[in-house]
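Hi everyone, thanks for coming.

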Amino acid sequence: MVNNGHTVQINFSADNRMQLEGREYRLLQLHFHAPSEHHLQGRQFPMEAHLVHADADGNLAVVAVLFQEGAENGWLDGSWPVMPGHAGAKVQLKKGVSADGLLPEKRDFYRYNGSLTTPPCSEGVRWVVMKQPVSASRTQIETFRHTLHEPNNRPVQPLNARLVLE
Ligand SMILES: [Zn+2]
């Protein structure tokens, strides 16, 4: 788990795979934004996770999971208590975390093509946005916000001619 000054990121070495539209992607890392970058029906959420995957050709697919404030999130308990507090710090998690456990119960999603939300903001990213938010406690959200000191969300971008599939 790495604090790179822009986000807190968990790097994955194990062989975690996802199938999307007939292609196979491997999970590279997941990281967090607060507040959320995606808005659903105009609503912004206090936090968002991005599960960044790449296929064998280097094409990226990112799964976004939105957090709403509510019950404590048991999945975050595996890493939040040891979150590296300053830029450049990292920690080896004692127990492996399964990215699958972060996903909401319902697996319905929005699908569109877009870009990375951090520089260089490259295009050609396949975005999968889970429709059902998961919950995190106010304390869990505050822990992340305080660690980063400032919001790390890219502003919402124009849709232009893009299709958003459900
Ligand atoms: Zn991100």
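Predicted model: local features only at pLDDT ≥ 70, side-chain atom pairs only at ≥ 80, totals over all residues.

Take Phe-32 and Trp-80, which form an edge-to-face pair, with 4.9 Å centre to centre and 75 degrees between the planes. Phe-32 is in strand 4 and Trp-80 is in the loop between strand 8 and strand 9, so this pair links distant parts of the chain, 48 residues apart. Are those two residues buried or exposed? Phe-32 has a relative accessible area of 0%, so it is buried. Trp-80 comes out at 5%, and that counts as buried too, because the cut-off is under 20%. Ring pairs also join Phe-32 and Trp-80 with Phe-67 and Phe-144 in a cluster.

Now look at Tyr-112 and Trp-127. These rings are stacked, with 6.3 Å centre to centre and 10 degrees between the planes. Tyr-112 belongs to strand 9 and Trp-127 to strand 10, so the pair ties together parts 15 residues apart in sequence. Tyr-112 is buried at 15% relative accessible area, and Trp-127 is buried at 2%.

How many bridges join strand 9 to strand 10? Seven, and the two strands run antiparallel. Ser-115 stands opposite Glu-123 in strand 10. Five of the seven residues of strand 9 are buried, so the rest of the structure largely encloses this strand. One more ring to point out: Lys-131 lies over the face of Tyr-110, 5.0 Å from the ring centre.

Next, the backbone. Which residues are joined by cis peptide bonds? Ala-34 and Pro-35 are, with omega about -5 degrees, and so are Pro-119 and Pro-120, with omega about 10 degrees. Pro-35 sits in the loop between strand 4 and strand 5, while Pro-120 is in the loop between strand 9 and strand 10.

Last, Glu-21 is not a glycine, yet its phi is positive, about 50 degrees. You'll find Glu-21 in the loop between strand 3 and strand 4, and it is exposed at 53% relative accessible area. Gln-41 also has a positive phi, near 50 degrees. Gln-41 is in the loop between strand 5 and strand 6, exposed at 73%.

Definitions and conventions. Residues numbered from 1 in each chain as written. Heavy atoms only, no water. Helix = DSSP H or I, 4+ residues; strand = E, 2+ residues; numbered from the N terminus. Buried < 20%, exposed > 50% of the residue type's maximum accessible area, 1.4 Å probe, protein only. Pairing = 2+ DSSP bridges. Phe/Tyr/Trp six-rings, centres within 6.5 Å; stacked < 30°, edge-to-face > 60°. Lys NZ or Arg CZ within 6 Å of the ring centre and 35° of its normal.
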